[in-house]
Amino acid sequence: MKAIIIYCSKTGNTEKVATAIQSGLGGNADVIRLNLNNDGMLREFCPDFKFDLAAYDLIFFGGWTMVMKMHPFLTAYIQRCENIGGKKVVGFATGGAIFSRSHAKGDFVELIEARGAELLDFHYVTTLLGPLLTKRKLNKAKNFAAGIIKRFKADHPAAS
Amino acid sequence: MDGLIPTFQRRDKIPHYDNDKMPNSHSIVMPVPGKVIIPLQDVPEDAYEVFVSVGDNVKTGQEIGTIGTGTDSLSVHATVSGEVVAVGEMFHPLVQHVASVEIRSDGLDEHEEHRPFKYSDKTDPFDFLRKMGVPLEYRRIRNVSTIIINATEFELCFNSRERIIIEQGKKIAEGLRLLVFSTGARAVFLVERRQTGIIKVIRNLIAVSEKTEIKLVNKPYPDTVRELVRKKSIAAENGREKKRSIHSTVIINPDVLAAVHDAYYLGLPFINEFLSIVGSAVRTPQNLWTRMGTLLVDVIEFAGGNIENTRRVTIGGALMGRPQFSLEVPVIRKTRGIYAAIALTFQEERKSKFYRRGPCIRCGKCIDVCPASLVPNHLAELIEHRHFEEAEEQGLFSCLECGLCYYVCPSIIPLVELVKLGKLKLKGRDSLLIFNSYKTHSF
């Protein structure tokens, strides 16, 4: 099984969650940080960056919620990437308020369905600009990723 | 997309300087490419001559044609040895199609030998440099009183000028001494106060000659200043403007001075180009010596580039560069650098309101920063309402297209694109390249 984590982060909270998820996956996942400027250009060289997701079985999309929607960088990537149809997709999001959860999830589900991918699960972390992002929440995110792996392996016994 | 930080705070932040990391790395000589495209024109209206035809074998440094004809011509040399594959119209990075020569390299890189300059030949030194293909302003250089060497870096991401002064300072000093000797002019190095690394180097270089001085400036000068000076001088020659000291000035880049030295003392024609390659599509930003006419694909690939995901390539920097429609275009003379980036386009309605185009709020920031003392918001308004002639009266063609007004505009009005659009409309031309990004806004 090959996994990839694609996320965008501004203040570093989503990056922490993405790192927790990566450790929950046992460390074997490619990571892409969408560090774009306002013209849509990637700021720094990212060795794993690619639009083609054919090589991956499990795809994690993460971002922070902006005006109760998923972040535009992430939505732009989801709309642009190739070979995502029929793939298992997991979403995670960080946000200031707990009530953004359903809105962010609804937006994410819409995006994923438009591309014809299958949503496995969605995870939301309340951060309030950092102070509320505790170790407990990061552990929860780690366990969430580990649970996803278990479910994936139960569904696909052939994939090791 | 950072909605949390207010606009005025973001504007205060210093932009990303790539060239702060670069000066410590030595430049690299790129290996001979497999294929080169050498343009024989600067604009499609130029006269030109070709001395080779398809199937000919050429050596490196062999004269293959001239830009212009007769006594007013500049020689063009083959930059690799091999076979001429095609002669005709090909892609050019700045103007779409020009007459060019395509050469397939045989990998041997055999050089044709040229003699260095000798006084006993009794030829004019500038005619010799013309034959060697060194790009100087030959019409005016005999009568100038001041030679300005622009060592400032207007593009924040490049540092090719700094680097060439550090690495080839002696050649630059020799080339400059030659020009000063043959014209009788004085020379001034323009250096920005921020460039602390090269101020000392230049002071050492110019210590030997009397007519050379260093001038510290607070802000960098763009390359387009040269065009402005040239236009004014032509107007003065025709009696349309008063003669002032600026009219007997030429602006030269340091890499041309190194080429003058090479041609004059070593007999090497102008076939190499020094450029920076930066951006997120490249593994390490660096300075390269490339052969003229090398395709952009080869340059980006050599720099460890991520070719299949490269989406936006600009020749000449992020601020004043020209976006490219294809990677199969050659590196030409005066290429300062290449900015290659991985890019995504996002939907307008998903953009943060901070990044959506708004109405002009008359804050006057663009007027404060304009180096040509124009009123960019007024110009843009006139062009938007299609009053092109009025915009020309307001000084549309004095615009340097530096992009500072667009950078400071809090309403994200595409001022530079509008100004470029107005210029093209007045010339009766139309460009898809500029329209594409502009059509996402409203017109």
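Predicted model: local features only at pLDDT ≥ 70, side-chain atom pairs only at ≥ 80, totals over all residues.
1. Next, please have a look at strand E14 of chain B, which spans residues 286–291. How many of its six residues are buried? Six of the six are, so the strand is mostly covered under the cut-off of 20% relative accessible area for a buried residue. The cover extends to both faces of E14(B). On one side the buried residues are Gln286(B), Leu288(B) and Thr290(B), and on the other they are Asn287(B), Trp289(B) and Arg291(B).

2. Strand E1 (residues 28–29) of chain B runs parallel to E14(B), and two bridges join them. Within this pairing, Val29(B) has Trp289(B) as its bridge partner; Trp289(B) is one of the buried residues mentioned above. Strand E13 (residues 272–278) of chain B, by contrast, runs antiparallel to E14(B) and is joined to it by six bridges. Here Asn272(B) is partnered with Arg291(B), another of the buried residues of E14(B).

3. Stepping back to chain B as a whole, the chain holds 15 helices and 17 strands. Of its 443 residues, 53% are buried.

4. Now for the contact between the two chains. Chain B contributes 25 residues and chain A contributes 29 residues. Interface size is often expressed as the accessible area lost when the parts come together. For chain B and chain A, the buried area is about 2,500 Å², with 61% of it on carbon and sulfur atoms. On the chain B side, the residues touching chain A comprise 13 nonpolar, seven polar and five charged ones.

5. What is the count of salt bridges between chain B and chain A? That count is zero. Polar contacts do occur, with four residue pairs counted between chain B and chain A, both residues of each pair being at pLDDT 80 or more. I would keep the two counts side by side when describing this interface: zero salt bridges and four residue pairs in polar contact.

6. Two backbone details deserve a friendly flag. Val67(A) is not a glycine, yet has a positive phi of about 40°. This residue lies in the loop between strand E3 (58–66) and strand E4 (69–70) of chain A. Is Val67(A) buried or exposed? With a relative accessible area of 72%, Val67(A) is over the 50% cut-off and therefore exposed.

7. The other case is Arg362(B), again not a glycine, with a positive phi of about 55°. You will find Arg362(B) in the loop between strand E17 (337–341) and helix H10 (365–369) of chain B. Its relative accessibility is 54%, so Arg362(B) also counts as exposed, being over the 50% cut-off.

Technical notes: Residues numbered from 1 in each chain as written. Chains lettered and ligands numbered in written order. Heavy atoms only, no water. Contact = heavy atoms within 4.5 Å. Buried area = accessible area lost by both parts, 1.4 Å probe. Salt bridge = Lys/Arg side-chain N within 4 Å of Asp/Glu carboxyl O. Polar contact = N/O pair within 3.5 Å; in protein donor to acceptor, adjacent residues only side chain to side chain. Nonpolar A, V, L, I, M, F, W, Y, C, P; charged D, E, K, R; others polar. Buried < 20%, exposed > 50% of the residue type's maximum accessible area, 1.4 Å probe, protein only. Helix = DSSP H or I, 4+ residues; strand = E, 2+ residues; numbered from the N terminus. Pairing = 2+ DSSP bridges.
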